[in-house]
Amino acid sequence: TSEAGRDFIRDIVQADLEAGRHAQVVTRFPPEPNGYLHIGHAKSIALNFGIAQEFGGRCNLRFDDTNPTREEQEYIDSIQADVRWLGFDWGEHMFFASDYFDRLYDWAELLIKNGDAYVDDQSQDEIREARGTLMEPGRNSPFRDRSVEDNLDLFRRMKAGEFPNGARVLRAKIDMASGNINLRDPVLYRILHAHHPRTGDAWSIYPSYDYAHGQSDAIEGVTHSICTLEFEDHRPLYEWLLSKLPVPSQPKQYEFARLNITYTLLSKRVLTELVRGGHVAGWDDPRMPTMAGLKRRGVPPAAIREFVKRIGVAKANSVVDVGMLEFCIREELNRTSQRRMAVLRPLKVVIENYPEGQTEELDAINHPDDPSAGTRKIAFGRELYIEQDDFMENPPKKFFRLSPGNEVRLRYAYFIKCREVVKNDAGEIVELRCTYDPETRGGNAPDGRKVKATMHWLSAAQSVPAEIRVYNQLFANPAPSAANFTADLNPQSLEVLTCARIEPAVAAGVSAEPIQFERQGYFVRDKDSTADKPVFNRTIGLRDTFAK
Ligand code: ATP
Ligand code: MG
Ligand code: MG
């Protein structure tokens, strides 16, 4: 068992340092630049960079850029921005697996010379078929016993670009009968005539993940190579390669459970398809579980750090309730967000006994728990907006907000009563005629009478229009299907409110600081805002409302 805030990987690191097995702990975060980072990556980032910080070591940012057909500079750039945004820093230690292509190639020739690798002319399908299953051993390739000279010659010609894609591969010569399928002569190099974002057209062959990863760790002096559980079965191959090559260090691989969250799919393949298929507005769509989406949604990085700290690091896969993430977001936003007022779905209120043309300013508190946040002035006048939901013409028994004859408090302002409901020809309510009690300025009645509801509101003249985007879960299913995810999309994941009203100062600002619109939730200005039309994203409501 570990101390609080500790986990089995930190225990291993600590024991290794105490035993003097390493002078310094070195970890790495190794994204493949084939998409944007998601919140699952945040778990890995926090673990790798966190260990380096806590134990006085370092963490490299290593791009695992061995598959040029899917990798792009845009992803290389976004990954760096997102790791920084999350609050971590690799200092000088940014590397690319492609920086090691020459060395990896030389080591592959060495494997050939030592009889540990061979060129196979079988097709991908033939190789897969001959690899066997857990129940039956694989069959040796007819090309397995090529001479070293033939293998070297063919491998060099693969490198020189003489053969088309898929014509041949380089395989490790291990054991086609191994109980571990990863050891049945895994592919080390494949032919790929593809432009690489960093090495351009220099290479016609590219190393496999399994071949590149461990050797890159060894080149960088990584001590603890931490990856997710699906690589547990690759560990024997990782160790086999390190044992066969003159690598400068001997890293060790450890596996932990990947993060899964209800109502969420954390797979770059699915996220890419969501973007390409137009199901979302891009990688930074606020419904996406990407770091860029969470940022645009208004989620503070501190909330993500707290979330991954709370879920811990375990050796068994599990699914975390999205409510846990939302809890962390609310906690952080409640602490840090100033309060403002906004009316999302406005209903006009005319205060009949308030003088025409008169306005006044009232004091509003910016943060109830933080007096240093101060106060601001908000304008009151004869014409106001309240929230449509806060009025009912024929209320049920427990409805305490505004209804004909019922008195309520307008926050920071006065008590009002509804006298008359004005409707249009279609029978829709378009306006309420109300009266106010001038004695209740600031929100209390001198005669001590009480009201059961306090509502937010804005002056009609001194508020400005805004678009508010209310986001809900992208998937309606708590366990969406990765294979058939479109069937599980939530048709109500985005509601756009184009007639909302907000305080003028909020509209005029350019701040990316989160704010709480009182009684509505936490919001942040969106990048689509213009001078004429501010746009705000709802980060999250004040309470957990969706069904569990
Ligand atoms: P995906 O399955 O989403 O494509 P990946 O593992 O292929 O993810 P990489 O770019 O290779 O993506 O990931 C970089 C690092 O982040 C790896 O060490 C990987 O194990 C880790 N990682 C990826 N997804 C998760 C997750 N859901 N939880 C924890 N760690 C993750
Ligand atoms: Mg990967
Ligand atoms: Mg992947």
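I started at D185, which is found in the loop between β5 (169–172) and β6 (187–191). Helices here are DSSP runs of H or I with at least four residues, strands are runs of E with at least two, and both are numbered from the N terminus. I note that this is a predicted model, in which local features need pLDDT of at least 70, side-chain atom pairs count only at pLDDT 80 or more, and totals for chains, interfaces and linings use all residues. Residues are numbered from 1 along each chain as its sequence is written, while chains are lettered from A and ligands numbered from 1 in the order in which they are written.

Most residues other than glycine have a negative phi. (Buried takes 20 or more other C-beta atoms within 10 Å of the residue's own, exposed 12 or fewer, and partly exposed lies in between; C-beta atoms are placed from the backbone.)

Y412 was my next stop, in the loop between β16 (407–410) and β17 (415–423). Y412 has a positive phi as well, near 70°, and is a residue other than glycine. With 22 C-beta neighbours inside 10 Å, Y412 counts as buried.

**Helix α1**

Which residues of α1 (residues 8–18) are buried? I listed I9, R10 and V13. They share one side of α1, because they cover an arc of only 100° around the axis; the arc is that of the directions from the helix axis to the C-beta atoms. A reminder to myself: an α-helix has 3.6 residues a turn, so residues three or four places apart point the same way. On the face turned away from the buried side I found the exposed residues A15 and E18.

The buried residues of α1 pack against α2 (39–54), β8 (224–228) and β9 (252–256), with contact taken as C-beta atoms, placed from the backbone, within 7 Å. After α1 comes G20, with a positive phi near 75°.

**Around ligand 1**

How many residues surround ligand 1? I have 15, and the closest are P31, G40, T228, R258 and K268. A residue joins this shell if its C-beta atom, placed from the backbone, lies within 6 Å of the ligand. Both α2 and β8 supply at least two shell residues each, and α2 gives the most, with 4. By class I noted 5 nonpolar, 5 polar and 5 charged residues.

Helix α2 also holds S44, which counts as buried with its 22 C-beta neighbours inside 10 Å.

I checked the UniProt record too: its unreviewed entry lists residues 31–41 as the 'HIGH' region, a short sequence motif. Such annotations may be inferred rather than shown by experiment. The end C-alpha atoms of that span lie 8 Å apart, and the span is 27% helix and 0% strand.

**Strand β12**

Last, I looked at the partners of β12 (residues 346–351). Antiparallel to it runs β15 (residues 383–387), joined by 5 bridges; V349 has L384 as its bridge partner there. On the parallel side of my list, β12 pairs with β18 (residues 429–437) over 4 bridges, and K348 is partnered by E431. Pairing needs at least two DSSP bridges between the strands.

How values were computed
Two residues are in contact if their C-beta atoms, placed from the backbone, lie within 7 Å. Ala, Val, Leu, Ile, Met, Phe, Trp, Tyr, Cys and Pro count as nonpolar, Asp, Glu, Lys and Arg as charged, and the others, Gly among them, as polar.
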